[in-house]
Amino acid sequence: MYKSLAEIIIRFRWLGLLLIIAAVVTAFNGTKFLSFSNDYRIFFSEDNPQLVAFETLQNTYTKSDNVLIVLAPKDGNVFTPQTLSTVEWVTHQAWQMPYSNRVDSISNFQHSYAEGDDLIVGDLVLEAENYNSATLERVKEIAIHEPLLVKRLISPSGHVTAINVTVQLPAIHPDKEVPEVVIFARNLADQIRKRDANLEVYLTGVVFMNNAFSENSINDMKTLVPAMFLIIVVLLVLMLRSFWATLTTVVVIMLSIITAMGIAGWIGITITPPLASAPTMIMTLAVADCVHMLVTFLQGLQQSKNRFDAMRESLRINIQPIFLTTITTAIGFLSMNFSDAPPFRDLGNVVAIGVVAAFFYSIILLPVFMLLFP
């Protein structure tokens with residue numbers, strides 16, 4: 001049966017090539033629908049009870065997405081005229097952050113105290129550049145003993161302080177809204193460093209966590225994936241000792257990844273950190289399929305067989321084991337649909353699609369190229 005199947009693939013190889021091209025072009029058009037998600041909620045299914053309770057709380061009151069700007073003076077003392085003045089300035093500037101609706105810091109903390117029969121309420125820090133040592137000590141004592149500030153916006157020892165910016169993201173275009181906030185915060189951090197060389201500035205918060213999902217995924221796809229691809233190409237050249245065999249394998253890998261990611265775009269899958277590793281997984285399986293086919297083919301050529309006979313023999317020997325490997329691998333990845341986290345379900349589905357695509361490309365496209373190339 002496998003001998004007959006190998007003969008059919010060889011005989012109708014040009015028709016198979018046209019079908020492969022049509023499939024790749026169709027799938028590739030789906031890549032325009034791909035987008036990165038930078039929302040931590042993607043790791044929970046819509047009916048997750050904890051997520052439902054959390055969203056109910058936020059819809060009832062307000063969202064708590066935030067940017068936390070941490071200021072750490074190199075001299076270990078927040079309560080100096082220069083540092084407190086900078087805290088005032090940052091607090092004022094933070095109101096300009098996109099979608100901000102509240103800014104909290106030790107400078108605008110509403111401190112209340114009695115003065116005779118009057119109750120005075122005002123900012124804890126105001127025009128700090130004019131403070132003397134007695135005033136600085138008073139502000140410090142109030143801040144580090146205020147339950148609403150200590151271990152929240154000021155450390156107990158007074159060596160680190162923070163400005164918390166609460167943002168209300170519209171969630172209409174999260175792929176644009178989150179980076180917009182992050183860019184503003186990073187620019188503000190650069191301005192702080194230029195304004196006061198004594199300060200070390202750190203940025204964190206829910207918005208930065210969301211941004212890290214897409215940002216790190218993109219960085220990995222720009223660095224780690226190409227690095228692995230290069231390593232695989234070098235190893236293929238060393239093992240196969242054939243430029244054309246290596247080129248064919250690279251084409252099969254690229255088309256398998258394009259097909260998987262394109263179909264993901266067509267069915268509305270969003271790129272998430274787990275899904276960003278799909279190309280690497282597909283690459284691994286595609287290389288294995290191609291190497292099995294090519295090794296048998298090249299051995300046939302060394303035994304003085306003509307190219308067609310060597311390819312027929314390679315197909316006859318390898319179709320069954322490659323098919324069984326593809327099916328079992330695809331089933332294994334499809335089992336990830338039992339996961340409660342949608343990104344891992346998407347990862348399983350996309351890799352399964354890529355593995356199946358790699359199988360067809362390795363038994364249809366690879367023979368065409370190896371019989372065409374010198």
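**Close-up views of a predicted model**

**View A. Helix 9 and helix 10 cross in a right-handed manner.** Right-handed here means that the near helix is turned clockwise from the far one by less than a right angle. This is a predicted model in which local features need pLDDT of at least 70 and side-chain atom pairs count only at pLDDT 80 or more. Residues are numbered from 1 along each chain, and side-chain values use heavy atoms, without hydrogens and water. The axes of helix 9 (residues 278-302) and helix 10 (residues 307-334) come within 8 Å and cross at roughly 160°. The two helices are therefore roughly antiparallel (an angle over 145 degrees on a scale from 0 to 180).

**View B. Here are the residues where helix 9 meets helix 10.** The contact residues divide into 11 nonpolar, seven polar and three charged.

**View C. Phenylalanine 33 pairs with tryptophan 266.** Rings of Phe, Tyr and Trp (its six-membered ring) pair if their centres lie within 6.5 Å, and the count comes to four aromatic pairs. Phenylalanine 33 sits in the loop between helix 2 and helix 3, and tryptophan 266 in helix 8, 233 residues apart. Phenylalanine 33 is partly exposed at 44% relative accessibility, as is tryptophan 266 at 46% (partly exposed lies between buried, under 20%, and exposed, over 50%, with a 1.4 Å probe and protein chains only).

Methods:
Helix = DSSP H or I, 4+ residues; strand = E, 2+ residues; numbered from the N terminus. Parallel < 35°, antiparallel > 145°, perpendicular 65-115°, else oblique. Contact = heavy atoms within 4.5 Å. Nonpolar A, V, L, I, M, F, W, Y, C, P; charged D, E, K, R; others polar. Phe/Tyr/Trp six-rings, centres within 6.5 Å; stacked < 30°, edge-to-face > 60°.
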